[in-house]
Amino acid sequence: MPPSPTSPAPTHADPGLAAPLGVRLDGVGRRFGDLDALRGVSLDLAPGRLVAFIGPSGCGKTTLLRIIGGLDHATAGRVTYDGGPRPPSALSFAFQDARLLPWRSVLRNVALPLELAGAPRPQREARARDMLARVDLADFADARPHTLSGGMQMRVALARALVTRPRLLLLDEPFGALDAITRVDLDDELRRLWRADPMTVLLVTHSISEAIYLADRVIVLAPRPGRIIDDIPVDIPHAARAPAVRTTPDFVQRVARAQAALERGVRAAAR
Amino acid sequence: MRRLLATAGPPLLTVAIAVGLWQLGVTLTGVPDYLCPSPFEVAAAFAERPGPLLAATGRTAAATLLGFGIAALLGVAIGTLLASVEALRRGVYPLTNLLQMVPVVAVAPLLTIWFGYGLSAVTASACIVAIFPVIANTVDGLRSVDPHLRELFDIYGAGRAQRWWGLELPAATPSIFTGLRIAAGLAVIGAVVGEFVSGFADHRAPIGIVILTAIREARTDLVFAAILCSAAVGFTLFGLVSGAGHLVLRRWHPSSRSTP
Amino acid sequence: MTPRSLLLAALALALAAGCKSKDRAEGPDAPTTMRLQLNWVPEPEFGGLYAAQKQGLYRAAGLEVELIKGSAGVPSAQLAASGKVEFAVVTGAEVIRMRTRGADLVALYAQFRTSPRGIVVHRDSPYKSLEALWKSDATVVLEPGLPFARWLDKQYGGQNLERVPSTGNLAGFMADKGLAQAVFVFAEPVELERRAVPVRILDVADTGFNPYEAIIVTRRAYLEANRAKVKAFVDATRAGWAAYLADPGPTNAVMAELNPAMSKAAMDTSIRLAERYIKGIDKGPPGSMTTARWAALVDQLVRLGEIEAKQAPPPDSLYVDL
């Protein structure tokens with residue numbers, strides 16, 4: 001496979017190639033038959049930021065993420081990436097379910113995206129080992145996924161998503177199925193990984209608290225039709241965000257604003 | 001060793017009880033051996049001329065193994081094709097059901113005409129009987145691959161071959177092994193029935209011919225001994241396939257995980 | 001193959017054996033209904049039996065005889081030995097074999113007193129005798145386990161002969177000019193001629209192996225308990241054969257109904273060929289047997305290793321002349 005700017009960087013310390021990707025949505029809509037899942041969504045998502053999407057179920061937040069990720073297509077409007085089309089192999093995904101291949105070792109699961117991109121075995125396994133160390137799972141490289149706890153499986157999935165050094169990481173309720181304590185741990189882990197590697201992260205969640213805890217910006221969506229109802233900047237410095245931040249007035253105030261926006265959206269849909 | 005005993009113990013005990021009841025039944029009713037021989041008489045029939053019987057078993061085993069091997073490779077290939085090509089799956093897959101309804105006894109004379117006598121025709125008979133469960137289980141296995149995992153491969157731009165080797169084949173492996181285990185037992189039946197019609201009835205006689213001869217000679221004890229020989233072939237093949245399946249699947253599949 | 005199915009099979013066998021021991025025929029009220037198990041489908045080799053039944057000869061003797069169609073591999077000797085049927089059609093070798101295994105079968109009526117067994121080859125085949133054929137490397141289609149093949153082996157070797165099992169159909173023979181096939185000389189060759197396949201028939205009886213064939217047997221216990229009725233059956237059967245040979249047409253029509261694989265016309269031709277094998281070389285009334293012929297067969301089976309000399313039954317105990 002010929003080297004190209006978008007193929008995975010050969011080593012971990014190679015900053016130039018992994019510049020975060022900015023995304024722009026212009027009047028994006030998605031219809032499923034008679035159902036307007038999304039209507040007129042326009043957003044400018046700056047590169048290198050962590051943006052959270054929240055909203056009640058049916059608001060189209062997952063659909064929006066899938067359209068940005070190329071797993072679904074918009075029926076109206078368009079999406080551009082740094083002003084152009086979606087660059088190949090610049091994106092990674094993680095989902096609510098870890099989606100690990102049960103027959104592969106943890107290491108080979110993490111190495112999968114590199115393998116599919118044609119990276120030679122020594123290189124991809126070195127990268128996967130490195131990634132596993134960064135999610136504190138170095139000792140589990142040879143384990144099978146089913147022997148790991150749910151939280152550990154999710155960290156493997158994160159490691160797999162990050163192993164390609166994506167310029168844009170799309171997370172669809174990645175910790176939604178985990179218990180509260182594990183979830184907070186993984187939130188911190190995610191932030192650490194994001195701060196270490198420059199990339200744009202789009203996070204879909206149904207937890208207001210998680211969204212504000214992690215994101216630079218929280219987009220609130222309302223259902224029927226799915227649309228943006230609020231756009232909340234979160235300017236609390238990331239260095240200051242520790243579990244205790246959740247009780248500060250800044251934090252509480254933003255939670256209240258998001259809550260109010262959500263309720264407004266639901267009321268509007270009910271009418 | 002203890003695990004082996006734990007696995008093999010209960011069925012061995014069942015066999016021991018069955019053989020005991022069989023001997024008891026024959027002894028108590030005094031049924032003559034040309035109607036139903038006792039286990040002792042069956043063993044004696046085997047011991048009388050073990051050489052030819054074992055040689056016949058070997059010939060049947062060869063055809064069984066070949067037929068099974070071809071059914072396995074061809075079955076997985078056909079199953080893959082049917083699962084991958086929507087038009088074929090709709091148009092052809094229902095017809096492959098007919099394969100399992102083919103009375104192989106009726107087809108066996110045709111196999112002789114097409115393949116000649118001996119190994120090829122018998123192998124073909126074993127293959128025809130064994131291939132359906134392989135096809136069906138391959139199709140089922142491939143079609144029930146988790147769509148979420150398929151999506152994962154979409155995201156990372158997997159090619160057709162990568163998708164097949166990296167996802168579909170391993171995901172379908174438990175199902176394919178289920179098909180192979182069924183096929184292992186069926187292959188012997190197909191081989192013996194094929195031999196009834198296509199086996200050599202001379203010094204190269206396989207088990208099917210030994211059975212025919214023994215029936216004609218009213219040697220019911222020998223019929224039983226020969227049946228047990230062919231059952232041993234099926235049982236061995238079944239064991240090998242199960243063992244291979246266990247080796248392949250034990251690291252990850254629930255069916256093969258040892259219970260604590 | 002699973003242990004469970006083995007267990008089931010064992011239970012089933014035990015039950016079957018249990019049923020068998022209740023022997024209906026041995027009771028004091030022996031039924032006048034008699035069942036006769038044939039060892040092949042209705043064809044001229046059973047013509048006398050169908051004639052006796054159709055023309056009411058059995059009924060006139062106070063008997064209700066049910067003729068049960070056979071097929072390839074039907075264990076008619078075992079069925080008779082177990083008492084599942086009163087009479088069965090078996091081969092001479094089967095009578096002796098079953099006797100050595102403890103069954104008390106006894107021959108009542110030999111329908112063929114010259115063995116009609118033979119081998120057909122295509123008419124332009126280089127093999128003009130069984131000896132020449134048996135010393136060649138040709139392929140012979142024959143049912144495995146028949147003693148005449150061992151006899152020919154003993155006489156002529158046969159080590160290079162390729163043998164394949166018979167399925168009772170002639171398609172393989174017609175398709176392959178090099179093939180030889182074991183037949184009843186009055187049956188299959190007729191079909192082959194009808195299909196314009198010229199053949200040469202090689203008689204096994206000519207090589208010195210000439211057992212009685214298509215023999216009607218019963219159990220000695222049944223015979224002792226029902227001697228008069230069995231005699232009536234044998235007499236009616238003999239009368240049936242006489243009637244059949246005098247005018248085979250009507251009976252052939254009946255049998256052709258029962259066996260769609262063989263036409264009435266083919267049966268009409270067949271019975272003319274069969275006649276000399278039915279009459280045989282011996283004197284005495286049709287169907288009757290001699291100690292000398294049985295002794296010769298016992299002796300041949302011993303020499304072929306089919307039975308052990310010390311097991312050999314006395315030849316005069318193998319048949320009765322009622």
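How far apart do the closest C-alpha atoms of chain A and chain C lie? In this predicted model, the closest C-alpha atoms of these two chains are 31 Å apart, and no contact joins chain A and chain C, a contact being counted when the C-beta atoms of two residues, placed from the backbone, lie within 7 Å. Residues are numbered from 1 along each chain as its sequence is written, while chains are lettered from A and ligands numbered from 1 in the order in which they are written. Because the model is predicted, local features need a pLDDT of at least 70 and side-chain atom pairs count only at pLDDT 80 or more, whereas totals for chains, interfaces and linings use all residues.

The predictor assigns the complex an ipTM of 0.81 and a pTM of 0.78. Between chains A and B, 14 residues of chain B are in contact with 15 residues of chain A. On the chain B side, the elements that give two or more residues are α8 (147-155) and α9 (160-198) of chain B, where helices (H or I, at least four residues) and strands (E, at least two) are DSSP runs numbered from the N terminus. The largest share of this side, 7 residues, comes from α8(B), and the side as a whole divides into 8 nonpolar, 3 polar and 3 charged residues. In this classification Ala, Val, Leu, Ile, Met, Phe, Trp, Tyr, Cys and Pro count as nonpolar, Asp, Glu, Lys and Arg as charged, and the others, Gly among them, as polar.

Chain C contains 14 helices and 10 strands. Its radius of gyration is 20 Å, close to the 20 Å that the globule rule gives for 322 residues, so chain C is as compact as a globular protein of that length; the radius is taken over C-alpha atoms, and the rule is 2.2 Å times the number of residues to the power 0.38. The C-alpha trace of chain C spans about 60 × 55 × 45 Å along its principal axes. Of the 322 residues of chain C, 46% count as buried, that is, with 20 or more other C-beta atoms within 10 Å of their own, as against 12 or fewer for exposed residues and a number in between for partly exposed ones, the C-beta atoms being placed from the backbone. Among the contacts in chain C with a separation of 6 or more, 78% are between residues 24 or more positions apart.

Where pLDDT is low, the predicted coordinates should not be read in detail.

The domain assignment of chain C, automatic or taken from a database, gives domain 1 (27-114 + 211-317) and domain 2 (117-207). The C-alpha centres of these domains of chain C lie 25 Å apart, and the contact takes 17 residues from domain 1 and 14 residues from domain 2. On the domain 1 side, α13 (264-279) and α14 (291-303) of chain C each supply at least two residues, with the largest share, 6 residues, coming from α13(C). Chain A is likewise divided into domain 1 (21-90 + 167-270) and domain 2 (100-165), whose C-alpha centres lie 26 Å apart. Here 12 residues of domain 1 of chain A are in contact with 12 residues of domain 2 of chain A, and helix α5 (residues 180-196) of chain A provides the largest share of the domain 1 side, 5 residues.

Local backbone features were also examined in chain A. A cis peptide bond, with omega about -10 degrees, joins A:R224 and A:P225. A:R224, which lies in the loop between β8 and β9 of chain A, has a positive phi of about 45 degrees although it is not a glycine, and is partly exposed, with 18 other C-beta atoms within 10 Å. A positive phi, of about 60 degrees, is also found at A:D136, again not a glycine, in the loop between α3 (121-134) and α4 (150-162) of chain A. Most residues other than glycine have a negative phi, and most peptide bonds are trans.
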